[in-house]
Amino acid sequence: MVDYSKFDALAREVDAEEANAGRRAMPSVTKLDGKTTVTVGKHGALSFTKDGEGAPVAARGGVDYSKWDKLDVSDDEEEYDEDGGGEMDMEGVEASPTPPVPAAAPSVIPPQASQAAPTSPGARLTKNGGRNGDAMYWTQTPDEVTVHFAAAQGTRARDVKVRLTKTRLTCEVKQGDAAGGDLAFPIKLSDDEDETDLDWEVLDHPVEAGQRLVRVTLRKDAPGNTVAWWTRVFKGDEEIPLDSIADRKGAKAAEAQKVWDEAHRIFKERVASGQLKRMPPPSL
């Protein structure tokens, strides 16, 4: 076992040195003049030797830790002996001051995520709708369906023949084969309308350079105040899923509000005309 009583005598000796100095022992800073060799001994004891001079000089001030070298500490276990410190050459300068703490870099607030880019011209041809290869594109709103038929470069309005009935739409360009067919859903078309009343035009393709399109707009015929979303334009075409219609959810809320407003209007008219009588409040 270690005989710790030896530490008591050493502690009393150290306390006496501190009392004589009139202050608590504090670490000292030694100024090195010229090229000096610093020797780190056992237990952290330092000695300084200026090149060209004699024996090393112990560090001034503070506690003389060399007394610890005289202390014989042993136990039954295997002794542990720290290696003595090495030597290092230093120029005669004072200890470097603590480097200033760099100012914190200003925080960079990332710019807000930009809003989604506007729909591309090509995508607008099939918004809420679809396509039939490169021959026909269609898009829709709650009230209308717009069909674009592909036409050759240089096509003009006088080269196009559009025919429309309540159940059929065809488009013929330069005496070629007519595109279109029987409509899958009903449209609004009065009996006195003819081909001159149709809403159609010839325009450039927004994506394919040199190609032209024949645009025809149809008015949906939905029962009552409901909204009918088309899943195709012509019978026999492949249907699109209703879930792919981007504006369908928003239209549902608008449709419900529209139906409610119409029902409220009819109710007030019936009350005003006497068809419905106001019920007296129940007596308590």
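This is a predicted model: local features need pLDDT of at least 70, side-chain atom pairs count only at pLDDT 80 or more; totals for chains, interfaces and linings use all residues.
1. Arg163 has Thr170 of β9 as its bridge partner. The two strands concerned, β8 and β9, run antiparallel and are joined by five bridges; strands are taken to pair if DSSP finds at least two bridges between them. A hairpin through three residues connects β8 to β9. Strands here are DSSP runs of E of at least two residues, helices are runs of H or I of at least four, and both are numbered from the N terminus.

2. Residues are numbered from 1 along each chain as its sequence is written, and side-chain values use heavy atoms, with hydrogens and water left out.

3. The protein contains three helices and 12 strands. Of its 284 residues, 21% are buried, where buried means under 20% relative accessible area, exposed means over 50%, and partly exposed lies in between (1.4 Å probe, protein chains only). The accessible surface comes to about 21200 Å², and carbon and sulfur atoms account for 52% of this surface; the areas come from the Shrake-Rupley method with a 1.4 Å probe, and for residues only the protein chains shown count as cover. Among contacts between residues at least 6 apart in sequence, 56% join residues at least 24 apart, a contact being heavy atoms within 4.5 Å.

4. Strand β9 is largely enclosed by the rest of the structure, because five of its six residues are buried. Leaving aside neighbours within four places in sequence, the contacts of Leu169 include Val147, Phe149, Val162, Leu183, Val216 and Phe234.

5. The largest nonpolar core has 26 residues, and Val147, Phe149, Leu169 and Val214 touch the most other members. The elements giving two or more residues to this core are β6 (136–140), β7 (144–151), β8 (160–164), β9 (168–173) and β12 (212–219). Strand β7 gives the most, with four residues. A nonpolar core is a set of buried Ala, Val, Leu, Ile, Met, Phe, Trp, Tyr and Cys residues joined through side-chain atoms within 4.5 Å.

6. Strand β7 is also largely enclosed by the rest of the structure, since six of its eight residues are buried. β6 and β7 pair in the antiparallel sense over five bridges, and a hairpin with three residues between the strands is formed by them. Within that pairing, Val147 of β7 is the bridge partner of Trp138.

7. Two aromatic pairs are counted. Rings of Phe, Tyr and Trp (its six-membered ring) pair if their centres lie within 6.5 Å; planes under 30 degrees apart count as stacked, over 60 as edge-to-face and the rest as tilted. Phe149 and Phe234 form a tilted pair, at 6.4 Å centre to centre and 40 degrees between the planes. Phe149 belongs to β7 and Phe234 to the loop between β12 and α3 (248–273), so placed 85 residues apart that the pair links distant parts of the chain. Both Phe149 and Phe234 are buried.

8. Phe185 and Trp230 form a tilted pair as well, at 5.4 Å centre to centre and 35 degrees between the planes. Because Phe185 lies in the loop between β10 and β11 (199–204) and Trp230 in the loop between β12 and α3, this pair ties together parts that are 45 residues apart in sequence. Phe185 is partly exposed at 26% relative accessibility, whereas Trp230 is buried at 2%.

9. Arg215 is in strand β12 and is buried, with a relative accessible area of 17%. A polar contact of 2.6 Å joins the side chains of Arg215 and Thr217; such a contact is a pair of N or O atoms within 3.5 Å, where within protein one must be able to donate a hydrogen and the other to accept it, and residues adjacent in sequence count only if both atoms are side-chain atoms. Not counting residues up to four places away in sequence, Arg215 touches residues including Thr146, Val147, Asp199 and Glu201.

10. Lys174 is in the loop between β9 and β10 and is partly exposed, with a relative accessible area of 49%. Leaving aside neighbours within four places in sequence, Lys174 is in contact with Gly154 and Asp159.
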